[in-house]
Amino acid sequence: KAISISNLREDAHRLMIRALAEAGRRADAVRHYDGLVELLKRELNVEPDASTKALALNLRNSRSAVRLPVADPASSPDA
């Protein structure tokens, strides 16, 4: 829902990527990340932040069931 309100909220995209990965949909999670990279470049001319990149790297490097680290709530822009 947060993405539909503001598609530039990286924290919402990270939640989506984690949810897809936890559901066993790693390929969809990677595609979602790739789409986010394109969106941020096109709209803001920026790259994803370090935590989003780390999440994607973790996802790409994992071979089995994905247990992705949960971001520290204190590092969230809403904290």
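1. Is the crossing of H3 and H4 left-handed or right-handed? The crossing of H3 and H4 is left-handed, where left-handed is used if the near helix is turned anticlockwise from the far one by less than a right angle, and right-handed if it is turned clockwise. The coordinates belong to a predicted model, in which local features need pLDDT of at least 70 and side-chain atom pairs count only at pLDDT 80 or more, while totals for chains, interfaces and linings use all residues. Residues are numbered from 1 along each chain as its sequence is written, and side-chain values use heavy atoms, with hydrogens and water left out.

2. On the overall make-up, the protein chain has four helices and zero strands, and from the N terminus on its elements run α-α-α-α. Helices (H or I, at least four residues) and strands (E, at least two) are DSSP runs, numbered from the N terminus. Of the 79 residues in the protein chain, 29% are buried; buried stands for under 20% relative accessible area, exposed for over 50%, and partly exposed for what lies in between (1.4 Å probe, protein chains only).

3. The protein chain exposes about 5,300 Å², and carbon and sulfur atoms supply 54% of that area; the areas come from the Shrake-Rupley method with a 1.4 Å probe, and for residues only the protein chains shown count as cover. Among the contacts in the protein chain with a separation of 6 or more, 57% are accounted for by residues 24 or more positions apart, with contact meaning heavy atoms within 4.5 Å.

4. Returning to the opening pair, helix H3 (residues 26–44) and helix H4 (residues 50–61) pack at an angle of about 150 degrees, their axes being 10 Å apart. That makes H3 roughly antiparallel to H4. Axes here are lines fitted to C-alpha atoms, for helices over the stretch in contact, and angles run from 0 to 180 degrees between N-to-C directions; angles under 35 degrees count as roughly parallel, over 145 as roughly antiparallel, 65 to 115 as roughly perpendicular and the rest as oblique.

5. As to which residues form this contact, Arg 26, Ala 29, Val 30, Tyr 33, Asp 34 and Leu 36 in H3 meet Thr 52, Lys 53, Ala 56, Leu 59 and Arg 60 in H4. The residues of the contact of H3 with H4 comprise six nonpolar, one polar and four charged, on a scheme in which Ala, Val, Leu, Ile, Met, Phe, Trp, Tyr, Cys and Pro count as nonpolar, Asp, Glu, Lys and Arg as charged, and the others, Gly among them, as polar.

6. For the pair formed by helix H2 (residues 10–22) and H3, the axes come within 7 Å and cross at roughly 165 degrees, and H2 and H3 are therefore roughly antiparallel to each other. H2 passes H3 in a left-handed crossing. The contact draws on Glu 10, His 13, Met 16, Ile 17, Leu 20 and Ala 21 of H2 and on Arg 26, Asp 28, Ala 29, His 32, Tyr 33, Leu 36, Leu 39 and Leu 40 of H3; by class, the contact of H2 with H3 has nine nonpolar, two polar and three charged residues.

7. H2 and H4 pack at an angle of about 15 degrees with their axes 10 Å apart, and are therefore roughly parallel to each other; the crossing of H2 and H4 is left-handed. On the H2 side the contact is made by Glu 10, Arg 14, Ile 17, Arg 18 and Ala 21, and on the H4 side by Ser 51, Thr 52, Leu 55 and Leu 59. The residues of the contact of H2 with H4 divide into four nonpolar, two polar and three charged.

8. Two leucines deserve a separate look. Leu 59, found in helix H4, is buried, with a relative accessible area of 2%, and its C-alpha atom is separated by 9.0 Å from that of Ile 17, 42 residues apart along the chain. Leu 20, found in helix H2, is buried with a relative accessible area of 10%; leaving aside its neighbours within four places in sequence, Leu 20 is in contact with Arg 25, Arg 26, Asp 28, Ala 29 and His 32.

9. Lastly, a point on the backbone: Asn 45, in the loop between H3 and H4, has a phi near 55 degrees, a positive value in a residue other than glycine. Most residues other than glycine have a negative phi. At 55% relative accessibility, Asn 45 counts as exposed.
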